[in-house]
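Visitor: I would like a brisk tour of this structure. Can you take my questions one at a time?

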Amino acid sequence: MELPAHLDHPPYTSPMCGTPWIIAPEIYHGWVSWFSGDATDLLPTEPVEKARRYVKLMGGREKVFAEAERAFFAEDYQFAAELTQLLVRVDNLDWDARYLKAAALRARGYGEINTIARAWYLNGANELEGKVNTRMLLGMGQRVVAGTLPPGELLQSWRYQVDAEKAGATWLQLGFEFLNADSGAVQEQFHVTLRNSILEVVEAPLPDGLPRVRLTIAQLRSVLAGKPAGTDIGDEERLQELLGYLDREPANFSLHVR
């Protein structure tokens, strides 16, 4: 996909950050739909199962790999990556397919001046070669987020960590009173409710009788790190129960090996 000649005015339209073939689908998804518009794509066959069936129809792993090699050495890097993508999905430990796909992505990336697309290609190659520890990176990211977010945003982030299987139909309420570290005065109050595997966080004065914890943001971060809060913070037992329904372990999530 290229810009029409009358709209292409280098260097102002040079694809350093965005390119038509990336931006156009983004706009389509934003304004039209999240799928292609062909109803076949509404509920597609699961990717690994689809890859397994395709490889079988194409004559098996060896034939697909041989064709991917031919495409690679013919400098058809995109097709080589697409063929090896099938093999890696069928078997994540097919290292020959992973290395070939990595080489195809790296070659594709070296020819890309769009810095974002280039990063995707080259980081994908590193991931396929086992040079990227996704669990470690995700863990580092979570710790950075937990260490910098203000109280309200930190509580809101828990909404996306609820383990639905653990939470089930559990109904639990807990109030949070965050203290000023210097004066000890209450600065913010939040009403947290776990219901139907959904966590609701509302900033509001806490009603009488609601179980609560009263602590500084530093104390909460200490509790999240598995350390003692240091002082009596109130209903810490219920806080630990609430935390027990959250999935806070970083997953080994790969983008190119799945």
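**Rings, strands and helices**

Guide: We start with a charge over a ring: the charged end of Arg98 sits over the ring of Trp95, 3.8 Å from its centre. Keep in mind that this is a predicted model.

Visitor: Which residue lies over the face of Phe65, and at what distance from the ring centre?
Guide: A charge counts as sitting over a ring within 6 Å of the ring centre and within 35 degrees of the ring normal. The residue over Phe65 is Arg61, at 4.5 Å.

Visitor: How many aromatic pairs does a search of the whole structure find?
Guide: The search covers the whole structure, and the number of aromatic pairs is seven.

Visitor: Is the pair of Trp34 and Phe35 stacked, tilted or edge-to-face?
Guide: A pair of rings is described by the distance of the centres and the angle of the planes. For Trp34 and Phe35 the centres are 5.2 Å apart. Stacked needs planes under 30 degrees apart, and edge-to-face needs over 60. The planes of Trp34 and Phe35 are at 50 degrees, so the pair is tilted.

Visitor: Is Trp34 buried or exposed?
Guide: The cut-off for exposed is over 50% relative accessible area. Trp34 has 60% relative accessibility, so Trp34 is exposed.

Visitor: And Phe35, buried or exposed?
Guide: Buried means under 20%. Phe35 has a relative accessible area of 17%, so Phe35 is buried.

Visitor: What kind of pair do Phe178 and Phe190 form?
Guide: Their ring centres are 6.0 Å apart. Their planes are at 75 degrees, and over 60 is the cut-off, so the pair is edge-to-face.

Visitor: Which parts does the pair of Phe178 and Phe190 tie together?
Guide: The two residues are 12 apart in sequence. Both are buried. Phe178 lies in residues 172–179 and Phe190 in residues 186–195, so the parts tied together are strand 1 and strand 2.

Visitor: Which residues form one aromatic cluster with Phe178 and Phe190?
Guide: The cluster holds both of these rings.

Visitor: What is the bridge partner of Phe176 in strand 2?
Guide: Strand 1 and strand 2 pair in the antiparallel sense over eight bridges. They form a hairpin with six residues between them, and Gly184 in the turn has a positive phi of about 80 degrees. The partner of Phe176 is Phe190.

Visitor: Which turn residue has a positive phi in the hairpin of strand 2 and strand 3?
Guide: Strand 2 and strand 3 (residues 198–203) pair in the antiparallel sense over six bridges. Val192 has Val201 as its bridge partner in strand 3. Two residues separate the strands in this hairpin, and the one with a positive phi, about 50 degrees, is Asn196.

Visitor: Which backbone nitrogen does a side-chain oxygen of Asn133 reach at the start of helix 7?
Guide: Helix 7 covers residues 134–148 and reaches 21 Å from its first C-alpha to its last. The oxygen of Asn133 comes to within 3.0 Å of the backbone nitrogen of Met136.

Visitor: Is Thr84 buried or exposed?
Guide: Thr84 is found in helix 4 (residues 77–90). Its contacts beyond four places in sequence are Ala68, Ala97, Leu100 and Lys101. At 0% relative accessibility, Thr84 is buried.

Visitor: What is the relative accessible area of Pro211?
Guide: Pro211 lies in the loop between strand 3 and strand 4. Among the residues that Pro211 touches are Gln173 and Arg238. Pro211 is partly exposed, with a value of 24%.

Key: Residues numbered from 1 in each chain as written. Predicted model: local features only at pLDDT ≥ 70, side-chain atom pairs only at ≥ 80, totals over all residues. Heavy atoms only, no water. Phe/Tyr/Trp six-rings, centres within 6.5 Å; stacked < 30°, edge-to-face > 60°. Buried < 20%, exposed > 50% of the residue type's maximum accessible area, 1.4 Å probe, protein only. Helix = DSSP H or I, 4+ residues; strand = E, 2+ residues; numbered from the N terminus. Pairing = 2+ DSSP bridges. Expected span 1.5 Å × (residues − 1). Polar contact = N/O pair within 3.5 Å; in protein donor to acceptor, adjacent residues only side chain to side chain. Contact = heavy atoms within 4.5 Å.
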